[in-house]
Each structure stands twice: as structure tokens, then as C-alpha cells.
Amino acid sequence: MSRDHVQSAERSADSAEAPFLELLARGASADAYEQPVLLARAEGRPPERIAALEQAKLLALRVRSEIEGRRRREAELSALFETAHDLAGLRDLDAVLQAIVQRARSLLGTDIAYLSLNDEARGDTYMRVTEGSVAARFQQLRLGMGEGLGGLVAQTARPYVTDDYFEDERFQHTHTIDAGVRDEGLVAILGVPLMIGPQVIGVLFAADRRARVFEREQIALLGSFAALAAAAIDTANWLAETRSALDRLGRANEIIQDRSGVIERASDVHDRLAELVLRGGGVHDVAAAVSEVLDGTVEFAESGGASTAAVEASRTEGHAVRHGDDWVAAVAAGGELLGALVLRGHPGLDPVDQRTLERAAMVTSLLLLARRSASEAEQRVRGELLDDLLDARDRDPRLLRERAARLHADLDGPHVVLAARLDATAADAGQESAARRRLWSAASHLATTRHGLAAARDGGTVLLLPLAPGDTATTLARRTAKHLGTAVHEGVTVGASAPVEQLAARPDAVAAAYAEGQRCLDALRLLGRAGDGAAAEDFGFLGLLLAGDRDISGFVDRTIGGVVAYDERRGTDLLRTLDAYFACGMSPARTKDDLHVHVNTVAQRLERVGRLLGDDWQSPARALEIQLALRLHRLSSAAPH
């Protein structure tokens, strides 16, 4: 292809992106991205122009999808944090519950959202808050315990989804409930329990007037809102109980002042926790704030870092529990145990302070979920960039550099491509998949801390890591194998490429380097060196076959470079003596005849060779490499320059 043709194609690709960039800038719908292609076809544009538009369209749709996904996740986290802030400064329970239902409906994109609460006095359930409802009978529903979809959720304490309410036979239908649902026109309904400890106090619903499948993330999000709603109700009930007790008993002024101080302290810690969430504080910031308020030492313990029995009891009961002189509050979300907050050496704990510890545990779970979501999003972005480099999808150096810069990576510096694979074979496909995910997670974390990239590929993981000054591909491969093996508690073999540079301008170099790294990995396993790391330069003459660039001069220099340099400095004939020695079957007597020198001269020269090459230079493997290097050196010396 001529240079003019290539430049023309590149200009065409650049101009093809313009209409889609405009669509991205104004947030157009997905359907609008077809218009530039349809218009080009209608105008009879050349096939290459239409192909460029198609490619630009696909890329723009991917970018639009990623932007929408990020906006959605940001909106979800923002809504959860806003709700947590509402809860921390709880004054009006109805306002908080109304805000929770409104945010749930908005983020899930449903026609209606509503919340029902159990009435223990009457033994039934009533509609407390609705958003988007248009039917009066539906808004005034009172249901018997165990009736309808809400009854199924309350009985099992688990979320339930129905794609078609009237065709679903898993729960008890009644004329009253069905009439209300029919008036509202609902079809698909999702319900999650509102729980205080092990007790279900109500149900939070999201529903559509058409058939719909609720995704797992949406179920988890509604569950988070339900947890906040339950916490708001629990807090309001507790405040109501406190006020009632104060009004009923008329305690002495000193008791009232004492309780007032406790309540103010609880309000203070709630405000502090809300402020921490809003300014992006971490788990240990929460522990420090609660330590100060409770006048003790509060620590966050990872799963397994605290008493297992105490953590499980706290998780089951939904409250902080005493363990010796300590108090333990489980940190959990969506049924997953994330750790625990432990208040050390504080056996006597006021009920309000106990609730404070529990609220801190809930805020900690929100922070951990937010951190995990952000980390997973960054890992996906790093993997997508490396996938694009491996597949040479995006050849615009400027775009590649910009994408890398957002991840704090520099594609112009020296890098090494490493192919990593687990050594052990799992018993079944599920265990194998789980092991590969652990390897990918460990590699992604390593890439993040080293300002590199990582992606799952070909049953293993590929990493692109920067090469530090004074480091080599070999040392980086061995260090990576050890690091990943320790992280996943299994042997991990790592093959490395030779260093590569200017990857933004040469994205195809990454694929070639990855192929070289895979060849080194396969060679390690064939040689029985599983669990190790190596580059092509570690395999002697075999490295010439493994390396992507066939570094002959490097092989010669590593093998006999010391002898060559000695001859050049001193004007000796060690190379010629070494060549004759091998040609004469490694016989000093025959060598001295071939060189026309005394046998002692041959012995002295070979002794010098041994000091330069090492004591094992005459072993079969080393001798083979040295003879190959001698021949390659003669060929390169005879070649015209």
C-alpha cells in the first residue's frame, strides 16, 4: 500500500470519528449513531469511508456505554451517600423514607416504588410510602401477614422477583391484593426485606407496568436502600422510645442531662460519619472518629481477624455483641461478610454507644463497597487498554497515551510483557475458574501499584509492567512469579519478553512481545521449572529460538564475550585456540599440532579461558553453547560491513 493511500485512509478514519464525537458530546441516544452511516450510504460514499464510519460508530457506542455505566454507578453511590447523610441527621422519618423510595425508583428506572411496614398491633401490613402510584385503592392497601409477594419476602427474609405477577404461583394471591395491583397496572415486581437484626419489619418494592427482568446489581442496590430504610426506622423508633421514656418517667434533671449528653454524642458521631463519607474518607478514618467519640480504641479487622463466633453472632443478630472486654460489630453487605469493627477494652457500653458502633459498621460497609466498585472499574479499564494493545485495535498514539495517562501509565518508557499461568490443575471447572479469577485479581492489583496494565487472556494472565533502571526482564519475571504465587497460594509460572519501548507508536509490538513471553513460559514448564520466572536470555542458545528479535550478538556476547574482549585488549589468540580445541575433539595434544605451538602453551591458554568463562565451560551443555557462539562470531566477523 502506498504512503499516499495510507495517509488517505488515516484522514478518512479521523474524519469518520467527527460526527460520533459530536453525538457523544451532546449525549445523543444509541439510535442516533446509525445516522452518519445511513447518510453516507445514501450519498453513495466509497466503501472504505463507510467501513471507517462503521468502525468509528462501534468505538463511539463502546465509549457511550462506558460513560453511561460510570454515570449510573456514580449516581447509585451518590444516592446511597445522600441517604446515609439523611439518616445521620435524622429529624423527620417520613421525609427520609420518602427520599429513599424516590431514589430507588429513579436509579432502578421503574414506574413505581413503595414501602410497606408491619403493624404488630393489628397483625397485618400497610402501605407506608409510595412513589409513582396513581391508584387510590393500591395506596391504601392493608394486607394480612403472609399474603402476596410481600408475604413471601417477609416469610423467607430474602429478595424475590416476579416477571409476571398474575402468572406467579409462588405466593398467596388474594382478591384484595390482586385488585389493587390490577388497578395500578403492575406486571414485574421486585421486593426486598426491611430487617432489624433477624426480624423483618417490612418490604421495599420496585415495580414496572410491563414485563421486565431485574438484574443482580439492581437487586443489591434496592437491598442497600432497604438496609438504610430499616436503619432509619430503627433510629426513629429508638428516638421515640427515648422521648416517651423521658416524658413518662419525668426523671431527675441530672439523668435528663446525662441522657441528653449521650444523644448529642450520638448525633455528633452521625454527623462525623456523614462528613467522612462525603469527603471520601476511608475505613480507618471511620474507626478513628468512633474511637474519639466512644473514648476507646476502635479497629477494623478483616474477615478472620476477629473472633469468628462473635462476628457471626453480630452478623446474625444485626447488633454489636460483647466478647470478653471487647465489643464486636460485623461489617456486612448483601449477605457478604467484609470484616468487623472491634471496640477494645470497653466492657461497659451504653446502649446509645452500642448503636453508634453499629452505625459505624454500616457506614464502613458502604465505604468498602464503594472502594471495591471503584477498584473493579479501574481494573476493567486497565484490562481493556491492554486488550486493545494486544489486538492492535487502536493505532492512534495520542489516544493510547491519553488512556494510559488516566491510569498513571507511561507507554513510551521501557516495558516488559509477562505471560503468567497457574501451575496446578483444578479438580473441576468451577475451581479452575475461581483460581484464574484469583490470579487475575492479584495481577491487576500488582499492575495498579506498579503503574502497569493487566488482563485475563488464553487461560492465564498477561501483564505489561514498566522496567525500572538497573532492572532486567529476568529479575522482573522472577519477582512477579514469586509475588503472584504468594498472593494466590499456588505456584505461578511467568515468561517475560525482552524490553520494548514506544508502545503508543507501535501497538503491534505488544502482541509480538506477548508471544515471546508465552514461548518462554512454555519452555519453563517443559524444562520442569514450573513456578519460576524467566526471559529468553536465560535459556542460552535456546533463547535464540524463543526471542522475538533473534538477538544473535547478545547471545555471543553473553557466551564468549569475555574471551573476545580479552583477545582485543591483549592481542592474544584465545579464540583461535578455543576454536581449534573443539575442532580437535577437545584434545590438547592434537590442538598443539594444529596450532604449531607447545602443549604447555595450549594448557596455559585453556586455563585462561576457564578463568574467563567459568569452571564448567567444558561441560556438555556449556561446550555446545560455546561452539555455537564461536561459529556465530566467525560468521558475523566474516560478513561485509
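Ala-435 is placed in helix α14 (residues 429-449), where helices are DSSP runs of H or I with at least four residues and strands are runs of E with at least two, numbered from the N terminus. Ala-435 is buried, with a relative accessible area of 6%; buried means under 20%, exposed over 50% and partly exposed in between, with a 1.4 Å probe and protein chains only. The C-alpha atoms of Ala-435 and Glu-490 are separated by 9.0 Å, although these residues are 55 apart along the chain.

This is a predicted model, in which local features need pLDDT of at least 70 and side-chain atom pairs count only at pLDDT 80 or more, while totals for chains, interfaces and linings use all residues. Residues are numbered from 1 along each chain as its sequence is written, and side-chain values use heavy atoms, with hydrogens and water left out.

The structure holds 19 salt bridges, each being a side-chain nitrogen of Lys or Arg within 4 Å of a carboxyl oxygen of Asp or Glu.

| Salt bridge | N to O distance |
|---|---|
| Arg-45 with Glu-43 | 3.2 Å |
| Glu-131 with Arg-105 | 3.6 Å |
| Arg-611 with Glu-607 | 3.2 Å |

The pair of Glu-131, in strand β2 (residues 124-131), and Arg-105, in helix α4, links distant parts of the chain, 26 residues apart. Arg-105 is partly exposed at 27% relative accessibility. By contrast, Arg-611 and Glu-607 both lie in helix α21 (residues 599-613), 4 residues apart, about one turn of the helix. Arg-45 is partly exposed at 39% relative accessibility, and Glu-43 is partly exposed with a relative accessible area of 44%.
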